[in-house]
Amino acid sequence: MKKLLTGNEAIARGAYEAGCTVAAAYPGTPSTEILENIAGYKEIYSEWSPNEKVAVEVASGAAIAGARALAAMKHVGMNVAADPLFTMAYEGVNGGLVLVTADDPGLHSSQNEQDNRHYAPHAKVAMVEPSDSQECKDFVKMAFVLSEQYDMPVILRVTTRVCHSKSLVELEAREEVGIKAYQKNVQKYAMTPAHAKVRHVIVEEKLCELQKAAEHSPLNRIEWGGRKVGIITSGISYQYAREVFGDEVSYLKLGLTYPLPEQKIRDFAAQVGEVWVIEENDPYLETAVKALGIKCKGKDVLPLCGELNSGIIREAFGSPKGKKVAAGLVAAPGQELSLPGRPPVMCAGCPHRGLFFALSKLKDVVVSSDIGCYTLGLTPPLAVTDTVICMGASISAGIGFEKAFQKGGVPKKVFSCIGDSTFFHSGITGLIDAVYNKSKICVVILDNRITAMTGHQDNPGTGRTLQGEETAAVDLVPLVRAVGIKGENIRVVDPYNLAETEEAVREAAAATEPFVIITRQPCALLKDVQRARAGMYCAIDQEKCRKCKACMKIGCPALSVKGGQVVIDANSCNGCGLCLQVCKFEAITKAGE
Amino acid sequence: METAMMQQDKANKDEIKKETASKALLLVGVGGQGTILASKILSEGLVQQGYDVKMSEIHGMSQRGGSVTTQIKFGPKVYSPLIGPQEADVIVAFEKLEAARYMTQLKKMGTLIVNDYEIYPLPVLLGQQAYPENLLAVLADYVEKQAGQLKVLQAHTLAAELGNARAQNMVLLGAVVKALGLEDFAWEEVIKSFLPPKLHDLNSKAFQCGLSF
């Protein structure tokens, strides 16, 4: 049976069909739906781990124990998980181990555009790259086989367009491979320097072996067409190239992109007039092709930044028949119109708004923020945020700010803003550092009871697992106390209550010891919250309104100025009441409670 | 059991489809307008009709009021899931400003379907920028230059009159099906398979309404 699946759904299906029994991940666009879909297969134990390092270690342990195991992450998640990755290359596996990295060329929802193909040669593990959903499923299954055959973790590298595009997939039955017998083997599974020295040699030997096998692997195929030009490509770039050049050229379509089939590349290049390498972001394949002494076109005409599409490829290469193909690009009238953009905004009723509004009232503060919806605290009109680096950095970078300001005699207070899920991911260690090294920062944990930005995933604070079971929930206040924050330096506030939030923020600003504010109010988009607040909204009494527009300063998308009047859209408003609290003329009232 | 005649009939139909080059359809709107559901229904219906289909969606932070785009390509064999500049046979815009933003994707002689509905983006809400006033004229001008067709619908109002404005996506779906010339298929069965029974009646009516444009 054929079914229309996204790449992520197909990866999940591949894991199921391959007999995978353990899977772990931390949510991150564009990888999130892989584990959400795996959770639907009861044959597989699946979990949201607190972070990607934990996920890869859970999968690694399971693989050593004899299970086929998978961990999935977005590209930056592999940085977090790099530590176990590099050593698992030495230890190898028992059951197959597949690590999915979902890269985001074009930065649809990421803080950088790193090209994770470099991880495969760097960590010395195999890498496969599917280009559509059918290949996603097939390659996961082949990756498990390769992993067991060559005794190494295998990276499956996908990109946003592969993850989030749907195409047809032939479904097959699950192969029950069971759990392989585990035998204690410390020379292989306990990496001391003495053991690792021996294992490193084995790693190099295994890669040589796999490199030879790559020459004949069905993952790499040649599609002959016109021979004036031969294109070497992989992943989604293959689809773009096929679309533009059809049968006018020949293709070496690489599915196993580490180690590369060097002889196959040489043979292909020898049989075509000229070689073009088409790939997104870094010249990963191009560098390898050039190292073989083959002349080729690639990043001399293609961009290093952003994703590719058929238009860019047409523009870059023209036609192999010699004439330049029209790029189809006309001066966009939209640009002349200077249309207003549509940037993402904090939702109406978002509980993060109250905290950022309170912070915007303070002078001499620096806000070190983090990865999540609350990153939007940097956008106008609130615009209080100074820095965003990576998961957890709000606290640790905040400490650095505070120490530097102290040395420089700069009288600024540092607030570190971090969500509940991000705090569990990698904020706790930063908080320990703040206590241990006596930093005077204020850490604000924006506890909205969910991992919101990636689309509402459970986390260690929600009391529910990925597979829907009830479990213990991490209690933030005792946790914060246990790392050494004094009771008098902890405030738990409702961010819908502006007076309470402002008071906590003022107290924090005056504190001379590490301080923690926990803002507690669930995400306004949670189904339960939407149901509970369905009829609630705020309304403006136009008689009382003096049109001072103080309420517009909270940046709520439910408020707008129409025909000179400030109005509230009752449909999008959830009655959080923040606007009501900033109105000096009592012109706003709450209704529907 | 299939008769020989039915098989022949099917083979003929398959042959017709092979002759048709792949078509590209771009749906644009704002998070929460139901573009993704409409895209899913369209894709599923196209698969059931035997096409190779690819659908690509970008919805990173769309719940938070951002632009949403879905791209659907179908034909005998589809490679790239993405639609390049001037490659869309049909664009359906759930919101006027988004129509203007994406109109240059329209192919020569393509069809642009626009929901005559405004959702103010934040810069407009904050009074930093004005919502362009003459968008329909701009769209008409551009489509005319492309020798294309412009269809303006009050999908939001029409759906509201049928019972719920949220069914605007089904009105627009009907208009797309008509523009693609694919009315000859049991679309309503597909729509029903995506919705709970209590919504079947409203959404069928909304779809029928869209077909009349």
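Select helix H1 (residues 7–17) of chain A together with helix H7 (residues 133–149) of chain A in this predicted model. The two helices pack at an angle of about 35 degrees, and their axes lie 7 Å apart. Here axes are lines fitted to C-alpha atoms, over the stretch in contact for helices, and angles run from 0 to 180 degrees between N-to-C directions. Helices (H or I, at least four residues) and strands (E, at least two) are DSSP runs numbered from the N terminus.

Next, display the side chains between the two helices. From H1(A), the contact (heavy atoms within 4.5 Å) involves Gly7(A), Ala10(A), Ile11(A), Arg13(A), Gly14(A), Ala15(A) and Glu17(A). H7(A) contributes Ser133(A), Cys136(A), Lys137(A), Val140(A), Lys141(A) and Phe144(A). By class, the residues of this contact are 6 nonpolar, 3 polar and 4 charged. Ala, Val, Leu, Ile, Met, Phe, Trp, Tyr, Cys and Pro count as nonpolar, Asp, Glu, Lys and Arg as charged, and the others, Gly among them, as polar.

Remain in chain A and select Arg157(A) and Asp103(A). Their side chains meet in a salt bridge, with 2.9 Å from N to O; the term denotes a side-chain nitrogen of Lys or Arg within 4 Å of a carboxyl oxygen of Asp or Glu. Because Arg157(A) lies in strand E7 (residues 154–159) of chain A and Asp103(A) in strand E5 (residues 97–103) of chain A, the pair ties together parts that are 54 residues apart in sequence. Over all chains, the count comes to 43 salt bridges.

Now show chain A and chain B together. The contact takes 52 residues from chain A and 53 residues from chain B. The area buried between them is about 4400 Å², of which carbon and sulfur atoms give 63%; this is the accessible area (1.4 Å probe) that two parts lose on being put together, summed over both.

Between chain A and chain B, the count is 4 salt bridges.

Finally, colour the side of chain A that touches chain B by element. Helix H11 (235–245) is among the elements that each supply at least two residues, and H11(A) gives the most, with 6 residues.

Residues are numbered from 1 along each chain as its sequence is written, and chains are lettered from A and ligands numbered from 1 in the order in which they are written. In this predicted model local features need pLDDT of at least 70, side-chain atom pairs count only at pLDDT 80 or more, and totals for chains, interfaces and linings use all residues, while side-chain values use heavy atoms, with hydrogens and water left out.
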